[in-house]
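Please look through the sequence and the model shown below before reading the briefing that follows. The notes are grouped by topic.

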Amino acid sequence: MEQADFNKNFTLESLFIGFFEELTNNSTIDSYRAKSSSIRSSLKELYQILSDWRAKKIKSPDTVAIIRDELYDLITGDSHLKYGKVHKQMFQELLTSLRCDNPANMKLDVIQDIEYNIYYLITLNKDFHVTLINDIESILLDTYSDEHIFIEAQRRLNKTCNMLVSELLNSGYSRKFIIKYIKSQFNMTNKNNFRTRWNNFKYIFSFERDTEYIVVFRLYINIDAVLKTDFGQLKEDIVNVSEKYNLDKNKRIKQFLNKNPLESFLPIEIKALDHFQAVTNARNELTIILDIIHLIYPHSIQTLNAHVLVVNTELPDESQIIVPSTQIDGISVNPENYIELISKLVKIKQNTHISDEVTDKLYSCVKHLRLANEADEMEQKFLNCWIGLENIFANYSLDSSTFRRIKENLVNAHVVSYVKRNIYNLHKTISKSKINKTLSLFNKDDIQYLTQIQTYNEIISSGSEYPLIVFRAQYLKSILFNGKKRIEYVGKHEKNLERHLVRMYRIRNEIVHDAKSSYQLEGIYTNLRYYLTFILSKCVEFFSDCHHKPVIQDKIGFEDFFSYQRSILKSLKKEEYDVTKCISVPHSVNLFS
């Protein structure tokens, strides 16, 4: 292999690692984090939605239409799904034949045909993740003599990695397991050892098979009767479990099993694809037990040990002690932001020209954000953030549903800041990298240099030393300096955000009305929390800099904030989202992270 090809393959290998770390990390902005739905999960989602529609659990045909359209678009841009005896175009035409403009037009025979074809495709593509892995391998191993083909291969790799991570998460792998595996196996990668590690990766993730785990919790409680109660946990004594799987030879595990008299072991048998997911699944069952204990003994003191023993019944030597966290990674605290936040909230409260409703709702949102942070169960985190959103957008004096107002006004506010946010994200990455020393216009305190095509050319010419930054610069350069592409770029984000909010609203209804959720909540909750902190930041910035209206009796309220966002958005559209105009948009700092 020639040196040029060797370097290109090494660039692709480095990008694979960078993409996976970025896609699985909750601190990544939502544009570069793994999507909450894959093609197979979207097929399952539409099937479930059609079933719920027939059962009259879903009242609005808009919900069906949005998920149908999302699936249609995913299929259009995909080349991996197998269709067998079904023609791809026929299936797409079948989707579009489902008329969702009026409930009366949603024919049951069309729904039946769509459901059958979805069932057929899901069954046919049970190894969809293997197809994606094989495609990634072909991209990594191919040779690239043409530079344009090489750039296209990088984009293909990014898209396929995104699809694979989404598919793995929706299949039941935990985000934490994937990112820890990538960091532990690939963090020392050099030009000589990637292939061996890649083969291990293929082996681990190609065979999706549940493993039997025993997850052992240690519970301290001050009522003896509780310790003798059967809550449906594993009946086998923990001593027998220890002997059966020879756990005592591990010093940390032996120490964990040495409990005090007021502690009880609660071992729970669970199946999962990885040990982190096993703990999550077991914790969901444990929550029911703890709720029952609290109901019977409301004054009891319950304390769970921070450490959990995870026994792999098939490979006992891989049993380990872990410390599960209910917090989401990527949620950081910036003391300077909080000082600024408090100052602005006080300023808003003292401004007599602002409606009292504004202050009440902002403080309520802050409270629900705190409750979300403190909650142990993901459902409670999700609901508290959703309540926070409803606080801001609800208006009972207007003839419009709260969700429609969320869908319109949150989308408007986010679209206004979208280009600036993504440019600022690149700026933060550059600021932490040595590549900034090669950029003649770089300014750590001003992102204006990223409105100049010269900067992007300098990044791209830096070679393979900073592959992820170069990849991002190449992509943004292809978008930011072309008016038509900027419009498409922002329009695509607007459509995706609307669809994601519909999905979140459906999750909210599932949790509230059906006491369950059929989704992987962690990633979706991360997005929801971000939307809440984003809109809160924009509101605080806006209302902390308000002056009285021409008619002093008219108070400044949320409708003024929404009008302001609509006006900026219309102005940006007139300018085709010109880059210099976009980065001049005010109120884009996130005060809550």
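**Briefing: loops, helix packing and cysteines**

Lys56 sits in the loop that joins helix H2 (39-54) to helix H3 (61-76), where helices (H or I, at least four residues) are DSSP runs numbered from the N terminus. The model is predicted, so local features need pLDDT of at least 70 and side-chain atom pairs count only at pLDDT 80 or more, while totals for chains, interfaces and linings use all residues. Residues are numbered from 1 along each chain as its sequence is written, and side-chain values use heavy atoms, with hydrogens and water left out.

**Loop residues with positive phi**

- Most residues other than glycine have a negative phi.
- Lys56 is not a glycine, yet has a positive phi of about 65°, and at 61% relative accessibility Lys56 counts as exposed (buried means under 20% relative accessible area, exposed over 50%, and partly exposed in between, with a 1.4 Å probe and protein chains only).
- Glu576, which is also not a glycine, has a positive phi of about 55°; Glu576 is placed in the loop between helix H22 (558-574) and helix H23 (579-583), and with 36% relative accessibility Glu576 counts as partly exposed.

**Helix packing**

- Two packed helices are described by the angle between their axes and the distance between the axes; here axes are lines fitted to C-alpha atoms, for helices over the stretch in contact, and angles run from 0 to 180 degrees between N-to-C directions.
- Helix H16 (residues 378-393) packs with helix H20 (residues 483-514) at an angle of about 120°, and their axes are 11 Å apart.
- H16 and H20 are therefore oblique to each other, given that angles under 35 degrees count as roughly parallel, over 145 as roughly antiparallel, 65 to 115 as roughly perpendicular and the rest as oblique.
- The contact (heavy atoms within 4.5 Å) involves Glu379, Phe382, Leu383, Trp386 and Glu390 of H16, together with residues of H20 including Leu501, Met504, Tyr505 and Arg508.
- The residues of this contact between H16 and H20 comprise nine nonpolar, no polar and three charged, where Ala, Val, Leu, Ile, Met, Phe, Trp, Tyr, Cys and Pro count as nonpolar, Asp, Glu, Lys and Arg as charged, and the others, Gly among them, as polar.
- Helix H18 (residues 453-460) and helix H19 (residues 467-480) have axes that come within 9 Å and cross at roughly 150°.
- Ile453, Tyr456, Asn457, Ile459 and Ile460 in H18 meet a set of H19 residues, among them Ile469, Val470, Ala473 and Leu476, and the residues of the contact divide into nine nonpolar, two polar and one charged.

**A buried asparagine**

- Asn422 belongs to helix H17 (residues 402-431) and is buried, having a relative accessible area of 1%.
- Apart from its neighbours within four places in sequence, Asn422 is in contact with Ile29, Ser31, Tyr32, Leu476 and Tyr489.

**Cysteines**

- A search of the whole structure finds zero disulfides, a disulfide being a pair of cysteine sulfur atoms within 2.5 Å.
- Cys365 is buried at a relative accessible area of 0%, and the closest cysteine sulfur to its own, in Cys539, is 7.6 Å away, too far for a bond.
- Cys546 lies in the loop between helix H21 (521-543) and H22, is buried with a relative accessible area of 12%, and, leaving aside neighbours within four places in sequence, is in contact with Asn351, Ile354 and Ile556.
- Cys582 likewise counts as buried, at 1% relative accessibility.

Terms used. Helices (H or I, at least four residues) and strands (E, at least two) are DSSP runs, numbered from the N terminus.
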